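Work through the exercises below with the sequence and the model at hand, and try each task before reading its solution.

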Amino acid sequence: MDDVTSVPTPVPSDEDFWATVLTPVEPAWREPGDADAFAMDEQVLEAARALAERISTRALAYRTAGKPFDVALMAAPDVQLALLRSLYEARSSVDRLAESAATVAGRGGASYTQLGAAWGGIKRQSARLKWPHAVPKKSASESIPLHYAGGDAVIHHDPGADAWWYTATGADLREDESEAVHGTSAEAIARATEFLLSHARPAPPDTV
């Protein structure tokens, strides 16, 4: 409890918001317990089932016939195959989101050792191979790609101004380009992430 109460909790309107938020908290997380893991399973299954019902041939037949898709129909082998295909997409989503999280954390000061620890305890070298752009080299002059919330951004360094800026295209195809005013790559990534989140693709309508 003492660890939690000692963590600063600024709000965006505070002058020191970004300086405080971009200062890493230790420890960064607590180990998830069985209840956390089971809750995650349920949430992943809920998302995968929603996709399975959208792509399932049998579910489409029920919608076309104007009949409700009863939960008992999930027992059909073909519907389970659609669920399996949906879980594959969920795994791909996890990989994309993990790359974004690793990039934001690494550009904010996290090391490959810390990234590896967060990713189930893989070694530093494995984390470096998995996310080669996550932790900046000392020169820190290369562009940094970022994929988040269905959109894409590239973080750039302006050597003349010794500042960072970004270009971004949201999932809704809105575009943005910042000025070279950000003092660190982490701040530029945070601002780009804000833009991508505010222009995320809307949730699909419920088709069930």
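Helices (H or I, at least four residues) and strands (E, at least two) are DSSP runs, numbered from the N terminus. The model is predicted, so local features need pLDDT of at least 70 and side-chain atom pairs count only at pLDDT 80 or more, while totals for chains, interfaces and linings use all residues. Residues are numbered from 1 along each chain as its sequence is written, and side-chain values use heavy atoms, with hydrogens and water left out.

**Exercise 1.** Describe the order of helices and strands along the chain.

Solution. Begin with the count, which is eight helices and four strands. Then read along the sequence, where the pattern is α-α-α-α-α-α-α-β-β-β-β-α.

**Exercise 2.** Classify Ala-149 and Leu-173 as buried, partly exposed or exposed.

Solution. Apply the cut-offs on relative accessible area: buried is under 20%, exposed is over 50%, and partly exposed is in between (1.4 Å probe, protein chains only). Ala-149 has 23% relative accessibility and therefore counts as partly exposed, whereas Leu-173 is exposed because its relative accessible area is 68%.

**Exercise 3.** Which residues line the largest cavity, and of what classes are they?

Solution. A cavity is a set of points on a 1 Å grid over the protein atoms alone where a 1.4 Å probe fits but cannot get out, and lining residues have an atom within 4 Å of a point. Grid points are joined across faces, edges and corners, and the volume is the space filled by probe spheres set on the points. The count comes to one cavity of 30 Å³ or more, and the largest holds about 40 Å³. Its lining consists of Glu-99, Thr-103, Trp-131, Pro-132, His-133, Ala-134 and Pro-145. Sort these with Ala, Val, Leu, Ile, Met, Phe, Trp, Tyr, Cys and Pro as nonpolar, Asp, Glu, Lys and Arg as charged, and the others, Gly among them, as polar; the result is four nonpolar, two polar and one charged residues.

Definitions and conventions
On a 1 Å grid over the protein atoms alone, a cavity is a set of points where a 1.4 Å probe fits but cannot get out, and a pocket is an open set with protein on both sides within 12 Å along at least five of seven lines; lining residues have an atom within 4 Å of a point.
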